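Look over the sequence and the structure first, then read on.

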Amino acid sequence: MNALKIIVKLAWRNLWRNHRRTIVMLSAISIGAWAMIFMTSLVRGMVNEMLRDGIRALPGHVQVHHPDYRDDPSIENLMNTTREELAASLLAAGIERFSARVRVPAVISSERESRGVILLGVDPKREAAIAAIGSRVTEGRPLTDVGDGGVIIGRRLAEKLETEVGKRIVLMSQDPDNEIADRGFRVVGLYEANLEIQEEAFAFAGRMTIQQMLGIGDFVSEVAVVGDDYRVVDPLLASVRLSIDGDDEVLPWTELDEYLGTMMMVMDGFVIIWVVIIFFALSFGLVNTLVMAVFERVREIGLMLALGMRPSSILGQIIVESFFLLAIGLVVGNLLACLSIIVLSEGIDISIVAEGMEMFGSASVLYPEMEMQDVILANVVVLVLGFLASLSPAWRASRYEPVEAITKV
Amino acid sequence: MNITLRLAWRNLWRQPRRTWLTIGAMVFSNAILVFMISLQFGMYELMIDNTLKAFTGHFQVQAPGYKDDTKMRQIVPNAESIATEIREATSLEAVAVRSATFALASSDDRTYGIRVFGVDPANESRVSTIPSLVSDGRFPDNRDAQEIVVGSVLARNLRVGIGDELTILGSGRGGSFAAAVATVAGIFDSGVIDMDRSIAEMPIGFFNDVFYMDDAAHAVVVVTPALALIEDYRATLESVVAGHDGVVLQDWDALQPGLRQAIQADLSGAFFMYGVLVVLVAFSVMNTQLMSVLERTYEFGIVMSLGLTPGRLGRLVILETALMGLAGLLLGALVGGLITTWFTYNGFSFPGMDQMAANFNLPSHFYPQVSLLTLFAGPAFVFIGSIISALYPALRVHWLHPVEAMRLA
């Protein structure tokens, strides 16, 4: 116990014998740690926002479809079970946050223009629990119930169609017999979404209204289910699979939107690579500092060995010195990162490249998000690899021949 | 050999381990920079090229506002004669007129809303890759043929093959009802799902007839021999456009603002990372040079008392750094170049890249190319950073007073 105390004391004092060198090295480690955590938080913030947005853009965490629906999202591939039966079995399994939708490609026409949209017949009360896009109605009113005869479209689509709240539009789609099914609707509300493309893509109406327009009884195209955490979908997936019988396909969002699923995986990989690269760039300086520290103390180390200090204590001294360096650097780096993230918590406005970010599927305000697992990863990598890097100089120091070391000039 | 240079060189190798570690830090960062920059710039070029070649072209003559609203009535009158004028004025071959509208396409079984383009069969292949991507059937060659080319996913969803008929429903230019029956002549497969799912092309003569366009079109597309050359053509094109009322010249940047912004967003993230690497190397160099100055205090005291000026000693320190930096630059460029060249032949990819790349019109394997710019741009910054960081140790020499310096040691 006492020996350890001495080692720690010696290491601490040695660290500050050459305070300039120590400060330069500490700055490097702090900047490295700051960059690791800060950059990771920015990327996390961007990707998480993208994921949440993408999931909100209708997939939900788990979806149920007819097996052919994803390849051919047409009216023919409605689910095999009626909505009522589906709802009953989901509720029986204790799953409450779900929404059954009719989802078909359609053409929307105003007096002046026509566009292609995805028409969704929804249950407004159930959609609200999922908080999907279309829920941020900024003008007019939201849909009220499944029989609502109005339609809600995106603000951007309204501009393109040159229509507005209160005006009439016509929606055309295909019924199961491949006849054109059309119906006039009044635009009752306009919604806003984070991505412009989402404001152009979807039109929402009451589920029953659409079912009647298409003549499809009580059948729907998809059921979206939301759980507590989009990162952990497997339990939800399993219980939905259990409660849905028959041939319908149950898939998690990572497979429904492979771009988003891949994105999450790639970003996890990016974080590790980034942290390791930064560490390697740091490690050269770290090893250098330790080598120097040992080199200029050769005679002193020889003396200590000659006086009977065990080589393991010398080894320990150097390693503890390295640990102090890393630990102080990490503390400062972590604090700096926290500070810069707090300063930027209002979000970084990158709207000058908004359309570019939209290509990535990302919104134009970036909110850094510090995740505990990344912070732990960065700190552990620095400490563990730093320990490994300091082994060589420390080992070397402990193996000096006392007489040679003392007489070395 | 100059005496200062020889001194500097010898000084470096008084502590070979320290020098190699410092050079190692440079080589590591430089190699990463060379590889990353080669990869990035190659990708950007490919991304721009693929996106523009697919469809957009380098310039388009359009009605003002068309690029944002794409409304049927925003036409270019006399499009053909403008195209001819452009061909004569610029001697470019790759000039083609194009029209577009939204329409319903119905087969026997299915109806989908799609974007239909009217293209000039004689010239479209010069401005777009779609005609060359026809994998089944052929691209129409007669401008009045009642034929249509559809994307592969669309063909699958509509369940049509070559020779089948599609009914096209839409609105004519004046808002009147427009309908036609077209025979599927070809199916294209671009690999970009969004395009393959939602686009069809028909000969412009037929298109104009169906949609009451008369001699008008929506755009005249111009492709110059290379993206780097577009500025050479801008003035000529502007003067042609100035001769016509109600049309404007748009360049690729205005037509695809997302493209440049995606690159900018990606670049700024990358520059942050590169900057961190450069700073870390700079700290490493500062540490090394500070040590090397401090441990030579006695020696510097002697030479100064012999009449050497501090300025000359400072230059010596800078020269040492420059030699070290040069070694790091050359070795780093060499290692980075070799790594990049390996990928030039074997292709670079990471798990999930195919998913992400498709979003930006990129292939799933990428073959980075080394150029002088990518080889030396990153290392040059590391070099400059190293020299700047050596200023502090070099200037410290000025604070040494010969007698004190010798006494201190």
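## Two domains in chain A

The C-alpha centres of domain 1 of chain A and domain 2 of chain A lie 49 Å apart. Domain 1 covers 2-54 + 261-407, and domain 2 covers 60-256; these bounds come from an automatic or database domain assignment. Their contact takes five residues from domain 1 of chain A and seven residues from domain 2 of chain A (contact: C-beta atoms, placed from the backbone, within 7 Å).

This is a predicted model, where local features need pLDDT of at least 70, side-chain atom pairs count only at pLDDT 80 or more, and totals for chains, interfaces and linings use all residues. Residues are numbered from 1 along each chain as its sequence is written, while chains are lettered from A and ligands numbered from 1 in the order in which they are written.

## A helix pair

In chain A, helix α2 (residues 19-56) packs against helix α12 (residues 311-343) at an angle of about 40°, with their axes 7 Å apart. Axes are lines fitted to C-alpha atoms, for helices over the stretch in contact, and angles run from 0 to 180 degrees between N-to-C directions. Helices are DSSP runs (H or I, at least four residues); strands are too (E, at least two), and both are numbered from the N terminus.

That angle makes α2(A) oblique to α12(A) (under 35 degrees is roughly parallel, over 145 roughly antiparallel, 65 to 115 roughly perpendicular, the rest oblique).

## Where chains A and B meet

The contact takes 50 residues from chain B and 51 residues from chain A. On the chain B side, α11(B) gives the most, with 22 residues.

Definitions and conventions:
Two residues are in contact if their C-beta atoms, placed from the backbone, lie within 7 Å.
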